[in-house]
Amino acid sequence: MIKHITNQLILTAGAWNESGQKDKVLEWQFERQLFDLQLATGTNHEGAMEILLATIEEKELAA
């Protein structure tokens with residue numbers, strides 16, 4: 001479940017960045033998915049961001 005949420009966050013962040021960071025729907029989706037990650041991991045906003053950033057780093061190292 002956590003892997004799925006982090007993958008969705010990465011995809012949403014990429015799409016939002018491609019939109020010029022102006023798409024409010026994608027911004028809202030990202031925030032909702034980040035909240036879902038908070039609930040799944042029992043963390044706060046900062047903790048969820050740390051998990052997301054660690055996941056991105058792991059994916060970059062694996063590539």
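Predicted model: local features only at pLDDT ≥ 70, side-chain atom pairs only at ≥ 80, totals over all residues.
Residues are numbered from 1 along each chain as its sequence is written, and side-chain values use heavy atoms, with hydrogens and water left out.

The chain has 3 helices and 0 strands, where helices (H or I, at least four residues) and strands (E, at least two) are DSSP runs numbered from the N terminus. The C-alpha atoms of the chain fill a box of roughly 30 × 30 × 20 Å, taken along the principal axes.

Two packed helices are described by the angle between their axes and the distance between the axes. For H1 and helix H2 (residues 24-41), the axes come within 9 Å and cross at roughly 160°; such axes are lines fitted to C-alpha atoms, for helices over the stretch in contact, and angles run from 0 to 180 degrees between N-to-C directions. H1 and H2 are therefore roughly antiparallel to each other, a label for angles over 145 degrees.

Threonine 6 lies in helix H1, which spans residues 2-18. Because its relative accessibility is 2%, threonine 6 counts as buried, meaning under 20% relative accessible area with a 1.4 Å probe and protein chains only. Leaving aside residues up to four places away in sequence, threonine 6 touches Leu37, Ile51, Leu52 and Thr55.

Conventions: Buried < 20%, exposed > 50% of the residue type's maximum accessible area, 1.4 Å probe, protein only. Contact = heavy atoms within 4.5 Å. Parallel < 35°, antiparallel > 145°, perpendicular 65-115°, else oblique.
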